[in-house]
Amino acid sequence: MPKDADAFRTIGELSDQLGVAQHILRYWETRFPQLQPLKRAGNRRYYRPEDVALVERINRLLNDDGYTIRGVQKVLAGKTEDQPKPQQPREAAPQLALEPDLIAELKQLRTKLADALNA
């Protein structure tokens, strides 16, 4: 049974929800002062709904939009705008059309180099 949207999340629950390791969430607490989950006895962390929203935003900026830690710090501090970076399609590697004579010459050279390395 899923938790209510207003319920607090433990670090384990948040980790499972986002697919981010618990140690990463604890690291983010050291890098982003805005992220301050409640800590109870034994340093157990409880994330409020606003903490969950902030962690989701940090995760999106870092892992989906390609920001660095410093870049996310600037976005959260309001120094830069939170805009997803456009995804550029990757170009396929160009296929070279080599002439048969050149291919034969390259194969001979490869064989000579292999023989020289083995000698």
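These legends walk through several close-up views of a predicted model.

The model is predicted, so local features need pLDDT of at least 70 and side-chain atom pairs count only at pLDDT 80 or more, while totals for chains, interfaces and linings use all residues. Residues are numbered from 1 along each chain as its sequence is written, and side-chain values use heavy atoms, with hydrogens and water left out.

**View 1. The whole chain, from end to end.** The protein chain comes to 5 helices and 3 strands. Here helices (H or I, at least four residues) and strands (E, at least two) are DSSP runs, numbered from the N terminus. Reading from the N terminus, the elements go β-α-α-β-β-α-α-α. Of the 119 residues, 24% count as buried, where buried means under 20% relative accessible area, exposed means over 50%, and partly exposed is in between (1.4 Å probe, protein chains only). As for contacts (heavy atoms within 4.5 Å), take those between residues at least 6 apart in sequence: 40% of them join residues at least 24 apart.

**View 2. The open sheet of three strands.** The 3 strands line up in the order β1-β3-β2, with antiparallel pairing. That leaves β1 (9-10) and β2 (38-40) as the edge strands, each pairing on one side only. Two strands count as paired if DSSP finds at least two bridges between them. Strands of a sheet pair through backbone hydrogen bonds, either parallel or antiparallel. Between β2 and β3 (residues 44-47) there are 3 bridges; L38 sits opposite Y46, and K39 has R45 as its bridge partner.

View 3

**View 4. The turn between β2 and β3.** This hairpin has 3 residues between its strands. One to look for is G42, which takes a positive phi near 75°. N43 is also in the loop between β2 and β3, and its phi is near 60°, a positive value in a residue other than glycine.

**View 5. Where α1 meets α2.** Helix α1 (residues 11-18) packs against helix α2 (residues 22-31) at an angle of about 105°, with the axes 9 Å apart. Axes are lines fitted to C-alpha atoms, for helices over the stretch in contact, and angles run from 0 to 180 degrees between N-to-C directions. The two helices are therefore roughly perpendicular to each other, given that angles under 35 degrees count as roughly parallel, over 145 as roughly antiparallel, 65 to 115 as roughly perpendicular and the rest as oblique. I11, G12, L14 and S15 of α1 make the contact with Q22, L25 and R26 of α2. Zoom in on S15 and you find a buried residue, with a relative accessible area of 10%. Setting aside residues up to four places away in sequence, S15 touches V20, A21, Q22 and L25.

View 6. W28 lies in helix α2. Is W28 buried or exposed? At 4% relative accessibility, W28 counts as buried. Beyond its neighbours within four places in sequence, its contacts are V20, L35, V55, I58, N59, L62 and I69. One of these, N59, is 31 residues away along the chain, yet the C-alpha atoms of W28 and N59 are separated by 9.7 Å.

**View 7. Helix α3 and what covers it.** Helix α3 has 16 residues and reaches 21 Å from its first C-alpha to its last, close to the 22 Å expected at 1.5 Å a residue; the expected span is 1.5 Å times one less than the number of residues. Its buried residues are D51, V52, L54, V55, I58, N59, L61 and L62. What covers them includes β1, α1, α2, β3 and α4 (69-77). Just after α3, G66 takes a positive phi of about 80°.

**View 8. Helix α5, out in the open.** Helix α5 (residues 100-118) has 19 residues and reaches 27 Å from its first C-alpha to its last, close to the 27 Å expected. The number of its residues that are buried is 0, so α5 lies largely in the open.
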